[in-house]
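This briefing turns to the strands, the ligand site and the backbone of the model shown below. Please read it alongside the sequence and the coordinates.

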Amino acid sequence: MEVIIQPTAEAAVKLTARVLGDALRRNPEMVFGLATGATMESVYAELVRMHREEKLDFANAKTFNLDEYIGLPPEDKNSYRYYMDNHLFNHINIKKANTHLPDGMTNDIAGEGARYEAAIKAVGGIDLQLLGIGQDGHIGFNEPLSSLNSRTRDKSLTPLTLEQNGIYFDPPESMPRRAFTMGVGTILDARRIVMLVTGERKAQIIARAVEGPVSSMVTASAIQFHTNAVVILDEAAAGCLQGRDYYNWSFNNEPCWEPYR
Ligand code: PGA
């Protein structure tokens with residue numbers, strides 16, 4: 001794992017978007033795993049800017065989102081399909097048919113996970129998975145105690161997640177209690193992981209994920225098993241990390257990061 005600390009959230013977002021954009025320029029047929037949430041809104045705004053101003057071409061890209069609420073139709077403004085369309089897909093030249101989220105309205109809740117896994121497999125797997133982290137340490141909606149081998153499935157959300165995301169719902173209690181999510185095992189199958197974490201409210205949990213023991217109590221800690229994972233933070237989110245000097249030294253000395261310094 002590599003840890004990159006940027007001075008500001010804006011710089012962390014820009015670096016993240018640049019890593020994604022460079023990967024797409026190298027491989028126009030990239031399969032991206034995508035995330036939602038407040039943190040990612042500015043990443044998508046930056047990708048839209050790169051599409052408009054730098055001709056970043058999504059014509060042959062494919063995407064699979066981590067998760068979707070169960071019971072919300074695509075036109076519901078709190079569904080992740082709505083989020084993705086509005087923050088990214090409607091503003092770039094991706095083919096809508098190449099954008100995938102679990103179907104929150106399916107009649108086959110038990111079968112949806114396997115269907116989604118098969119769709120990922122059919123395109124050869126995910127090349128680059130973008131991740132955030134929840135305040136309870138989740139990646140996707142893999143809440144505490146999720147198996148570190150889990151695959152895409154339906155999952156109950158924790159009180160902390162209901163509190164974190166309930167603010168988007170009116171009333172907050174109308175937030176769905178269940179969601180589909182890629183499993184931790186699904187996420188670890190991606191060829192590359194890029195995690196973006198900003199803001200002081202994430203400082204403690206990201207320190208547990210990066211420097212603490214690997215534990216299903218903090219499912220983000222599972223990325224320690226991944227052989228090609230980078231965590232990009234701003235100073236505020238990096239506040240509880242013990243190894244900052246070492247991470248900065250690595251970033252400044254690794255040849256692969258030279259164009260990004
Ligand atoms: P946030 O969500 O970006 O809204 O903090 C991240 C997450 O829960 O994974």
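Strand E9 (residues 192-197) and strand E10 (residues 229-234) run parallel and are joined by five bridges, where strands (E, at least two residues) and helices (H or I, at least four) are DSSP runs numbered from the N terminus, and two strands pair if DSSP finds at least two bridges between them. The model is predicted, so that local features need pLDDT of at least 70 and side-chain atom pairs count only at pLDDT 80 or more, while totals for chains, interfaces and linings use all residues. Residues are numbered from 1 along each chain as its sequence is written, and side-chain values use heavy atoms, with hydrogens and water left out.

**Strands and sheet**

- Within the pairing of E9 and E10, valine 197 stands opposite leucine 233 in E10.
- Both strands belong to an open sheet of seven strands with parallel pairing, in the order E1-E10-E9-E6-E2-E3-E5; its edge strands, each pairing on one side only, are E1 (2-6) and E5 (99-100).
- Strand E8 (residues 178-181) pairs in the antiparallel sense with strand E4 (residues 67-69) over three bridges, and strand E7 (residues 153-156) also runs antiparallel to E8, joined by four bridges.
- Phenylalanine 180 in E8 stands opposite glutamate 68 and also opposite aspartate 154.

**Ligand site**

- The ligand sits in the largest pocket; on a 1 Å grid over the protein atoms alone, a pocket is an open set of points where a 1.4 Å probe fits, with protein on both sides within 12 Å along at least five of seven lines, and a molecule sits in it if more than half of its atoms lie within 2 Å of its grid points.
- The residues around the ligand (a heavy atom within 4 Å) are Gly37, Ala38, Thr39, Gly132, Ile133, Gly134, His138, Gln164, Arg201 and Lys202; by class, this shell has two nonpolar, six polar and two charged residues, with Gly counted as polar.
- Oxygen atoms of the ligand lie 2.9 Å from a backbone N or O atom of alanine 38, 2.5 Å from a side-chain N or O atom of threonine 39 and 2.8 Å from a side-chain N or O atom of arginine 201, where a polar contact is a pair of N or O atoms within 3.5 Å.
- Of the 280 Å² of accessible area that the ligand has on its own, the protein covers 91%, by the Shrake-Rupley method with a 1.4 Å probe.

**Backbone geometry**

- Most residues other than glycine have a negative phi, and most peptide bonds are trans.
- Lysine 55, which is not a glycine, has a positive phi of about 60°, and is found in the loop between helix H2 (38-54) and strand E3 (62-65).
- The peptide bond from aspartate 170 to proline 171 is cis, with omega near -5°, and proline 171 is found in the loop between helix H5 (159-166) and E8.

Key: Polar contact = N/O pair within 3.5 Å; in protein donor to acceptor, adjacent residues only side chain to side chain. 1 Å grid on protein atoms, 1.4 Å probe; cavity = no way out; pocket = protein on both sides within 12 Å on 5 of 7 lines; lining within 4 Å.
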